[in-house]
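Welcome, and thanks for taking a look at this model with us. Have the sequence and the 3D view open side by side as you read.

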Amino acid sequence: MSRTVPRDELSLSMAVTSLMKGVVYRDSAETTWQHVVGLAAQVSDYVATLGLAVVVDEAEGYAFLRSRSDDELAESGIPRLVARHQLPLHTSLLLALLRKKLAEHDTTDAGSRLILTGDQLRELLDPFYPATTNEARTADQTDTAVRRVTDLGFLRRMPGQDGEYEVRRVIKAFVDAQWLSDLDSHLAEYADIAREETR
């Protein structure tokens with residue numbers, strides 16, 4: 001366990017720079033986490049000048065930067081720092097399925113971490129491919145979706161465990177409870193779109 005960083009040693013530069021690089025997790029960057037949490041108000045003020053907001057979830061142990069809404073940006077006259085990009089269908093679908101899986105996991109006493117194998121990830125997406133789809137193509141599309149979701153930081157490869165992934169809890173901030181409650185209808189839409197795209 002790392003030492004507690006004294007208040008007068010907390011660094012705004014470290015906190016902001018780390019958040020600019022991506023999500024900061026308490027369990028994997030404990031010292032950086034202390035800088036972010038200890039200076040949350042100052043970080044918030046600093047990144048606001050860039051049109052960003054800091055999200056800190058101390059209960060789940062993650063923090064990240066999010067762009068302010070288009071209305072807020074327009075009102076303050078700040079251009080969007082990061083352009084929006086629509087995610088490919090199977091990447092979006094995998095995110096939705098992982099969020100659902102995490103919600104199911106949280107209702108059991110299976111522990112706080114959700115670990116899935118590569119095979120389990122493939123099984124999640126399999127129902128959304130037509131039965132006639134080329135198996136090699138399906139496997140390639142699934143592997144690409146898993147790689148993208150990992151690059152986005154919602155999955156983490158387990159060190160020393162070949163082919164195992166941890167579902168990162170930050171996914172809860174991007175796929176919220178309201179969206180999750182409508183998930184079955186969303187999944188039906190995804191299934192129809194996915195089948196059309198793969199014909």
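Which residues are linked in a network of salt bridges? They are D27, R113, R156, E166 and R168. Please keep in mind that this is a predicted model.

**Salt bridges**

The count of salt bridges comes to 10. Side chains of opposite charge can pair when their charged atoms come close. Three of these pairs are set out below.

| Pair | N to O distance |
|---|---|
| E166 and R113 | 3.3 Å |
| R122 and D143 | 3.3 Å |
| E166 and R168 | 3.1 Å |

Let us begin with E166, which forms a salt bridge with R113 and another with R168. E166 sits in strand β6 (residues 164-167), while R113 belongs to the loop between α5 (89-106) and β4 (114-117), so their pairing ties together parts that are 53 residues apart in sequence.

Are the members of these pairs buried or partly exposed? E166 counts as buried because its relative accessibility is 6%, and buried means under 20%. R168 has a relative accessibility of 3%, so R168 is buried too. R113, in contrast, has a relative accessible area of 41% and is partly exposed.

**Helices α6 and α7**

The other pair in the table, R122 with D143, links distant parts of the chain: R122 is in helix α6 and D143 is in helix α7, 21 residues apart. R122 is partly exposed, with a relative accessible area of 29%. D143 is partly exposed as well, at 34%.

Now for the two helices themselves. Two packed helices are described by the angle between their axes and the distance between the axes. Helix α6 covers residues 118-125 and helix α7 covers residues 135-151; their axes come within 10 Å and cross at roughly 110°. Angles of 65 to 115 degrees count as roughly perpendicular, which is why α6 is described as roughly perpendicular to α7. The crossing of α6 past α7 is right-handed.

Which residues make the contact? On the α6 side they are L121, R122 and L125, and on the α7 side T142, D143, A145 and V146. Sorted by class, this contact has 4 nonpolar residues, 1 polar residue and 2 charged residues. R122 and D143, named in this contact, are the partners in the salt bridge described above.

**Helix α2 and its surroundings**

Next, turn to helix α2, residues 30-38, where T32, W33, Q34, H35 and V36 are buried. What do the buried residues of α2 pack against? Their partners are α1, β1 (24-25), α3 (40-48), β2 (52-57) and β3 (62-67).

With a relative accessibility of 32%, L12 counts as partly exposed. Setting aside neighbours within four places in sequence, L12 is in contact with L39, Q42, V43 and Y46. L12 and G38 lie 26 residues apart in sequence, and their C-alpha atoms are 9.3 Å apart in space.

**To try in your viewer**

Colour D27, R113, R156, E166 and R168 to see the network of salt bridges. Then pick out L121, R122 and L125 of α6 with T142, D143, A145 and V146 of α7 to see where the two helices make contact.

Technical notes. Residues are numbered from 1 along each chain as its sequence is written. This is a predicted model: local features need pLDDT of at least 70, side-chain atom pairs count only at pLDDT 80 or more; totals for chains, interfaces and linings use all residues. Side-chain values use heavy atoms; hydrogens and water are left out. Buried means under 20% relative accessible area, exposed over 50%, partly exposed in between (1.4 Å probe, protein chains only). Contact means heavy atoms within 4.5 Å. Axes are lines fitted to C-alpha atoms, for helices over the stretch in contact, and angles run from 0 to 180 degrees between N-to-C directions. Helices (H or I, at least four residues) and strands (E, at least two) are DSSP runs, numbered from the N terminus. Angles under 35 degrees count as roughly parallel, over 145 as roughly antiparallel, 65 to 115 as roughly perpendicular and the rest as oblique. A crossing is left-handed if the near helix is turned anticlockwise from the far one by less than a right angle, and right-handed if clockwise. Ala, Val, Leu, Ile, Met, Phe, Trp, Tyr, Cys and Pro count as nonpolar, Asp, Glu, Lys and Arg as charged, and the others, Gly among them, as polar. A salt bridge is a side-chain nitrogen of Lys or Arg within 4 Å of a carboxyl oxygen of Asp or Glu.
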